[in-house]
Amino acid sequence: MLRNADALVTMDDGGTEIADGGLFARDGWIEQVGPTSDLPDTADQVIECRGSVVIPGLVNTHHHFFQTLTRAMAQDSELFDWLVELYPVWSRVTPDHVRASTITALAELALSGCTTAFDHHYFWPNGSTLDDQAESAREVGIRFHISRGSMSVGRSQGGLPPDEWVESEEAILADCERVVSRYHDPSPGAMTRIVIAPCSPFTVSPDLMRQSAALARSLGVRLHTHLAETLDEERYCQELFGERPVDFAEQVDWLGDDVWFAHAVHVSGDDIAKMAATKTGVGHCPTSNMRLASGVAPLTGFLKNGVPVGLGVDGSASNDSSHMLAEARQALLAARMARAMERSDEPMLTARSALRVATRGGAEVLGRTDIGSLEPGKAADVACFRTDGISMAGAHDPVAGLVLSGPHQVDRLVVGGRSVVVDGRLAGLELGAHLELHRQLARSLVM
């Protein structure tokens, strides 16, 4: 049981916020939410939340965990040049790098209040496999949607990645079936799910896109790819396929409520209408979009038209951080800047709307109906933030302060009723020792 929160933000349909709020959960599932005075008097575990804001656990919808090993590199490049500069470094990644970076990224996300994370891992050098991520993730303890990403078109065939990075399409599809069979859990409350995720239109063939879509739907898993991130990508699609990115996606069966795109920066009104009509989602990555000078995605246009949107911190080499509340703040600021540049008279995106995208919006994009809000019948995934620290000093509306001020680190993080962070520290991981290993592995990539 959690009780006596200064404010409990439910993210239910009515946007209910409860003063002196709390919740009662049993076996990891919420049974009751309301004022503390209405909750049971006793429980096996009582978490005192006085002086805290309590929200649903944050949900990350796009990341590249391995890039925690290469922060602050290729500092002044746009996407294609950035990739070309980093490919030789990433070619040295081993299974040890994959395992360590997975733990680092999940730990960083957890400390920012994230209870569910998706990672888009799309290359498997030097014997690394999806299994390396699945097995190491357990050390942190948050929910993990793992992608079986892929690249099949190298430079000699007109793609961007080195030829030695690409896999045969037969091997990709066979391994997708293997990892779904081994790791995907479709049940409510699942800790691990698998997503089939070809990297991008400039790294895989149209045929692999079509076959991946058919396979994913036959297996009942979701689909993810980068799309419409840059003008370079748009030109590439027009030159090779005769279509802009969203039209290309439609041609290869990649629109639907089981699909979400990372970025979706360069989209037209017609594109947004297609995505809205098919409930195709977006992993919105405002910091990365600005860091790589890709542009500003039309977040308010997506929301206004009913496109499902969640937040993504994106790779730590194109964001250099994995902080979900910081990403919510960037989403709000970028949307307001876009409004000003467009001279729009639309209402400004609010802090609570940004927070909804970071919680319930992300759950919708990942196809999860069991998380994203604090309501009876939902999983007890909860993030508690103290209001008495310097980052909240003078914040008269602490809920908005979670987005507008900061940076904030979570004080208590609960996933399925189990505490992952207690008093601002990871409960199941000795972070200092792990980070020393991570630093050694990061140095090995560039020495």
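Mentor: Let's sort out residue classes: Ala, Val, Leu, Ile, Met, Phe, Trp, Tyr, Cys and Pro count as nonpolar, Asp, Glu, Lys and Arg as charged, and the others, Gly among them, as polar. What you're looking at is a predicted model, where local features need pLDDT of at least 70, side-chain atom pairs count only at pLDDT 80 or more, and totals for chains, interfaces and linings use all residues. Residues are numbered from 1 along each chain as its sequence is written, and side-chain values use heavy atoms, leaving out hydrogens and water.

Now the holes. On a 1 Å grid over the protein atoms alone, a cavity is a set of points where a 1.4 Å probe fits but can't get out; a pocket is an open set with protein on both sides within 12 Å along at least five of seven lines, and lining residues have an atom within 4 Å of a point. Points are joined across faces, edges and corners, and a volume is the space filled by probe spheres set on them.

Searching the whole structure turns up three cavities of 30 Å³ or more. The largest cavity has a volume of about 150 Å³. It's lined by 19 residues, and Leu79, Trp82, Leu83, His226 and Glu229 are the closest to its centre. Helix α1 (residues 79-90) gives the most to that lining, four residues; helices here are DSSP runs of H or I (at least four residues), strands runs of E (at least two), numbered from the N terminus. By class, the lining of the largest cavity comes out as eight nonpolar, eight polar and three charged.

The second largest cavity holds about 40 Å³ of space. Around the second largest cavity you'll find Pro56, Gly57, Val59, Thr115, Thr116, Ile371, Gly372, Ser373, Leu374, Ala379 and Asp381: five nonpolar, five polar and one charged.

On to the open spaces. The largest pocket has a volume of about 630 Å³. Its lining takes in 28 residues, with Leu299, Thr300, Gly301, Leu303 and Lys304 nearest the centre. Helices α10 (299-305), α11 (324-341) and α12 (351-365) are the elements that each give two or more residues.

Strand β2 (residues 17-26) gives the most, with four residues. The lining of the second largest pocket has 10 nonpolar, five polar and three charged residues.

So what's packed together? A nonpolar core joins buried (under 20% relative accessible area, 1.4 Å probe, protein chains only) residues, counting Ala, Val, Leu, Ile, Met, Phe, Trp, Tyr and Cys, through side-chain atoms within 4.5 Å. The largest one has 90 residues, and Ile55, Ile142, Trp254 and Phe302 have the most contacts inside it. Helix α2 (residues 95-111) supplies the largest share, seven residues. Follow Ile142: leaving out residues up to four places away in sequence, it touches Leu106, Ala110, Cys114, Thr115, Ala117, Met191, Leu413, Val415 and Val420, where contact means heavy atoms within 4.5 Å. Another core lies apart, with 27 residues including Leu79, Leu83, Val98 and Phe202.

Terms used: Buried < 20%, exposed > 50% of the residue type's maximum accessible area, 1.4 Å probe, protein only.
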